Amino acid sequence: MERGTEKLASHPIANGCVLTGHKALKNGYVRTLAGADAHAQIHRIAHNGGLYKRPFNEAFEETPMLVAVLTYVGYGVLTLFGYLRDFMRHWKIEKCHHATEREEQKDFVPLYQDFENFYTRNLYMRIRDSWNRPICSVPGAKVDMLERVSHDYNWTFMYTGRVIKDVINMGSYNYLGFAQNTGICKEAEAKVLSQYGAGVCSTRQEIGNLDKHEELEELVARFLGVEAAMAYGMGFATNSMNIPALVGKGCLILSDELNHASLVLGARLSGATIRIFKHNNMQSLEKLLKDAIVHGQPRTHRPWKKILILVEGIYSMEGSIVRLPEVIALKKKYKSYLYLDEAHSIGALGPTGRGVVEYFGLDPEDVDVMMGTFTKSFGAAGGYIGGKKELIDYLRTHSHSTVYATSLSPPVVEQILISMKCIMGEDGTTFGRQCVQQLAENTRYFRRRLKEMGFIIYGNEDSPVVPLMLYMPAKIGAFGREMLKRNIGVVVVGFPATPIIESRARFCVSAAHTKEILDTALKEINEVGDLLQLKYSRHRLVPLLDRPFDETTYEETED
């Protein structure tokens, strides 16, 4: 249950910045609270012993009962007709063989179990054109996309040769707009490319350690406010290869149920026991911590060697922000360790873009392992880990991704250096700070307008990840196709990436989006919402901690 008091915000707040004076930003927004009824808006502040220094507005609207029933009915009808068509194909009644394995593949071992293949054949393949759409430009505010068609029910695609120009990009993680082919980043990268080349062709421990890599790690450590940092060539491997170096057999991992696949894989590879707590639910986390302290390891009841809590800054499917002050309080109370994945929050949250730690006004030293990626806000590639010098020195010799992975490409390193210095203001301008503030303004504006239209929107009001709920399976493909017809590129997501009845479209807001671009996108979203009847909202908001809590937990052990 969320505890707290209610008060009116004295000043508009965006992304941790107190906005006063009604000074317009570059995209033409006025720094005011969102919504016609904003002046009467009450902010729920979860004090929890004074842990929160700013409003934390996060709620998830209840799924209407009729929509939930119709969604289940939709999947039931698709399943029923899928089995019927499989039966007809088997007895050669149906002449369409496009949804079955080719004749020359019959002698090979099946790639899938029957039910998995059933889902692929009869549900996924029908809307496969909604994904993997090829673009042929930088992933900026607008993109150019190659047109493709399919003549065999989405099993293969053919390119028509036509390029769809100026598609509004509402799907890329280009939060601060640094993914561009003009400006100081591009010029610096071209210079580095001519001096260092495109690849390093070695690992850091052999002959692939450039002066640029050393400069990058020093800059990342300063940006995060930690003693030391190290960079990796791939964000996914940063998690999956470093967690096994930190914990092992006899250790306990407490993982949020909605953590990214890289965190899940890293936890499983470690050999540690894994227990799952309900998403952002501190009651669930504390219960697991108490049980771990009281009961210890299974059978032997010895104390755990380590207890590691895994959380993300912004959850990329829910648009929610971790309740970090409460997580840190629990971590200190029960003497455990905290691993924070800031893939989506670094650069996108906080007054100066330093992530969820700055967003809540916390001390970076309270987070034992600060992980993040350069693939979103910095418009580059790779990941990093920051923390105490002892931690980084240990990982340099024990992490597989350090010892065996090829070093970061020099032009990629330069992109990160320039964009990070720009955010920090070390380029001598305020451009980076303006981008951080503009992202906050765009996020609040976009979220407010969608809610006013009647859509069910998940997540925190400061999160640039904006899930719009679709629910019904037939509307996943329909929404993506209808938006593309209107020159809007969106990402639609369904099972198994989401719960089976919680299909959604996921928008990613960028500082590169102007008000005109957002208004154009909103106009088309509104039109498609009416066409597909997606405006389910009845304004029944359910705060996350008030959601039903199932005390059963999921546990993994190598036994």
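Author: Let us begin with burial: a residue is buried under 20% relative accessible area, exposed over 50%, and partly exposed in between (1.4 Å probe, protein chains only). Helices (H or I, at least four residues) and strands (E, at least two) are DSSP runs, numbered from the N terminus. This is a predicted model, in which local features need pLDDT of at least 70, side-chain atom pairs count only at pLDDT 80 or more, and totals for chains, interfaces and linings use all residues. Residues are numbered from 1 along each chain as its sequence is written, and side-chain values use heavy atoms, with hydrogens and water left out.

Reader: Why is H8 largely enclosed by the rest of the structure?

Author: H8 is largely enclosed because seven of its ten residues are buried. They are Leu324, Pro325, Glu326, Val327, Ile328, Leu330 and Lys331. The cover over these buried residues includes H7, E11, strand E12 (337-341) and H9, where a contact means heavy atoms within 4.5 Å. After H8 comes Lys335, with a positive phi near 55°.

Reader: Which residues is Gly197 in contact with, leaving aside neighbours within four places in sequence?

Author: Gly197 is in contact with Val192, Pro410 and Pro411. From C-alpha to C-alpha, Gly197 and Pro411 are 8.0 Å apart in space, yet 214 residues apart in sequence. Gly197 is placed in the loop between helix H3 (184-196) and helix H4 (211-224), and at 23% relative accessibility it counts as partly exposed.

Reader: How many salt bridges does the structure hold?

Author: Side chains of opposite charge can pair when their charged atoms come close. The criterion is a side-chain nitrogen of Lys or Arg within 4 Å of a carboxyl oxygen of Asp or Glu. The structure holds 28 such salt bridges. One of them joins Lys287 to Asp291, with the closest N and O atoms 3.1 Å apart. About one helical turn separates Lys287 and Asp291, because they are four residues apart in helix H7 (residues 282-295). Lys287 is partly exposed at 28%, and Asp291 is partly exposed at 26%.

Reader: What does the salt bridge between Glu318 and Arg504 tie together?

Author: In this pair the closest N and O atoms are 2.9 Å apart. Glu318 lies in the loop between strand E11 (307-312) and helix H8 (324-333) and Arg504 in strand E18 (residues 503-508), so the pair ties together parts that are 186 residues apart in sequence. Both Glu318 and Arg504 are buried. Arg323 and Glu326 also form a salt bridge, their closest N and O atoms being 2.9 Å apart, and both of these residues are buried.

Reader: Which residues are linked in a network of salt bridges?

Author: The network links Glu482, Lys485, Arg486, Lys523, Glu524 and Glu527.

Reader: Where, finally, does Glu365 lie, and is it buried or exposed?

Author: Glu365 is found in the loop between helix H9 (356-359) and strand E13 (369-373). Glu365 counts as exposed, because its relative accessibility is 53%.
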